[in-house]
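Subject: Handover of a structure and notes on its contents

Dear colleague,

Please find below the structure that I am handing over to you. My notes on what was found in it follow directly after.

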Amino acid sequence: MKKKIFIVVGIVLAFFILDRIVGYVLKQGLEKYFGLNQHSKVLLVGHSQLMLSVDKSSFEDSIGKSVSKYCREGVNIFDRYEMIRQIMESPCSDSLEYVLYGVDQFMFNNADLSKNSYKLFYPFMDKENIDEYIYSSAPLSDYLIHKAIHTTRYSDALINSALRGYFNNWNNYKFGKTDIEQLKKAVAEGRQRKISKDVSSKIRFEESIDLLKSHGLKIILVGTPVVDILNMSESEKYQEYIDYMNQLAQSPDIEFWDLNPEFSSRYELFFDNIHLNRQGQTEVNKYLAEKFKSL
């Protein structure tokens with residue numbers, strides 16, 4: 001009987017040791033992919049639009065400064081606030097000088113984003129603010145399982161990001177082009193993505209800005225390109241968004257770089273109506289690098 005108990009205990013112990021080793025390796029790759037383990041001068045924060053607009057290695061080479069690119073697909077304003085806290089509470093944040101924060105007119109519309117985006121942060125449960133955020137968002141059973149077994153924290157997409165981190169791969173693999181005729185039809189029928197203003201999201205966004213300002217950072221709000229047909233479909237609300245960003249940029253430590261005048265009518269650069277393809281990333285990346293160097 002004792003022998004069987006020792007065998008069971010040995011198997012369980014071996015499982016948890018292997019789980020911790022695999023989890024550690026994946027986490028190191030993920031941190032490398034996002035640049036969370038390096039003392040960078042420049043931090044990029046945003047969702048998939050900014051993620052697909054900038055090639056980290058090319059941008060880094062162009063501006064001559066180290067860059068961390070903490071951009072994640074599907075994250076809302078609340079997620080990005082926790083991402084900023086995670087960075088600012090890290091010992092690697094002491095070298096930061098600039099933050100490029102991705103903005104667009106849909107940023108306060110939570111309806112189009114995942115309600116389970118907290119799952120993206122499972123690998124970073126050892127960080128206090130992330131742990132609290134997940135605890136308040138996830139069912140208790142899910143929280144406890146992911147807390148105990150580290151390999152459960154990684155989806156296929158997160159494993160892919162971890163591997164890309166080890167291979168230094170930040171390329172945009174979107175090669176298609178948006179269907180403008182379908183967009184025009186959607187707008188005519190009122191089925192296009194709508195601009196809305198969730199008050200709680202706006203408050204959290206301004207708290208994010210205040211947090212960055214409290215660390216003495218230069219903040220650049222990057223208005224990632226959106227196909228101009230969408231911009232014009234709700235022109236008054238779109239102008240309110242532009243006015244709001246310009247108002248924020250009255251602060252001496254904030255700038256607003258709106259990329260729409262330069263790129264929104266160049267449909268060949270878009271994979272879909274709000275995301276750039278590989279060609280779009282190349283051109284926007286170059287434009288941003290030149291603009292950054294002008295600082």
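With a relative accessible area of 13%, histidine 146 falls under the 20% limit and therefore counts as buried. Please keep in mind throughout that this is a predicted model. Histidine 146 belongs to helix H6, which covers residues 140-148. Apart from residues up to four places away in sequence, histidine 146 touches Tyr122, Met125, Thr152 and Arg153.

Helix H6 also has a part in the packing of helix H5: the buried residues of H5 pack against helix H4 (77-88) and H6. Those buried residues are Asn129, Ile130, Asp131, Tyr133 and Ile134.

Overall form

The protein chain contains 13 helices and five strands. Its radius of gyration is 21 Å, while the globule rule gives 19 Å for 295 residues; the two values are close, so the chain is as compact as a globular protein of that length. Along the principal axes, the C-alpha atoms of the protein chain fill a box of roughly 75 × 45 × 35 Å. The accessible surface of the protein chain is about 14,300 Å², and carbon and sulfur atoms contribute 55% of that surface.

Of the 295 residues, 50% count as buried. Among the contacts in the protein chain with a separation of 6 or more, 81% are between residues 24 or more positions apart.

The nonpolar core

In soluble globular proteins, nonpolar side chains tend to be buried together. Here, the largest nonpolar core has 82 residues, and Phe59, Phe205, Leu221 and Met245 are the ones that touch the most other members. Leaving aside neighbours within four places in sequence, leucine 221 is in contact with Tyr101, Val103, Phe205, Ile209, Met245, Leu248, Ile254, Glu255, Phe256 and Trp257.

Aromatic rings and charges

How many aromatic pairs does the count come to? The count comes to 15 aromatic pairs. In one of them, the ring centres of phenylalanine 108 and tyrosine 244 are 6.1 Å apart and the ring planes stand at 65°, so the pair is edge-to-face. This pair links distant parts of the chain, as phenylalanine 108 and tyrosine 244 are 136 residues apart. Phenylalanine 108 is in the loop between strand E3 (98-103) and helix H5 (128-137), whereas tyrosine 244 is in helix H11 (residues 235-248). Phenylalanine 108 and tyrosine 244 are both buried.

A further pair is formed by phenylalanine 263 and tyrosine 287: with ring centres 5.3 Å apart and planes at 90°, the pair is edge-to-face. This pair also links distant parts of the chain, 24 residues apart, with phenylalanine 263 in helix H12 (residues 260-263) and tyrosine 287 in helix H13 (residues 278-293). Phenylalanine 263 has a relative accessible area of 3% and is buried, whereas tyrosine 287, at 27%, counts as partly exposed.

Ring pairs also link Tyr101, Phe108, Phe205 and Tyr244 into a cluster. In this cluster, Phe205 is one of the core residues that touch the most other members.

Two lysines lie over tryptophan rings. The charged end of lysine 56 sits 4.6 Å from the centre of the ring of tryptophan 170. Lysine 291 is over the face of tryptophan 257, 5.3 Å from the ring centre.

Further individual residues

Arginine 266 is located in the loop between H12 and H13 and is partly exposed, with a relative accessible area of 26%. Its C-alpha atom is separated by 8.9 Å from that of glycine 280, 14 residues away along the chain.

Most residues other than glycine have a negative phi. Asparagine 168 is in the loop between helix H7 (156-166) and helix H8 (180-188). Its relative accessible area of 43% makes asparagine 168 partly exposed.

Serine 161 is in helix H7. With a relative accessible area of 13%, serine 161 is buried. Setting aside neighbours within four places in sequence, serine 161 is in contact with Gly29, Leu30 and Tyr33.

Yours sincerely,

A colleague

Key
Residues numbered from 1 in each chain as written. Predicted model: local features only at pLDDT ≥ 70, side-chain atom pairs only at ≥ 80, totals over all residues. Heavy atoms only, no water. Phe/Tyr/Trp six-rings, centres within 6.5 Å; stacked < 30°, edge-to-face > 60°. Helix = DSSP H or I, 4+ residues; strand = E, 2+ residues; numbered from the N terminus. Buried < 20%, exposed > 50% of the residue type's maximum accessible area, 1.4 Å probe, protein only. Lys NZ or Arg CZ within 6 Å of the ring centre and 35° of its normal. Rg over C-alpha atoms; globule rule 2.2 N^0.38 Å. Contact = heavy atoms within 4.5 Å. Areas by Shrake-Rupley, 256 points an atom, 1.4 Å probe, with all protein chains shown as cover. Core = buried A, V, L, I, M, F, W, Y, C linked by side-chain atoms within 4.5 Å.
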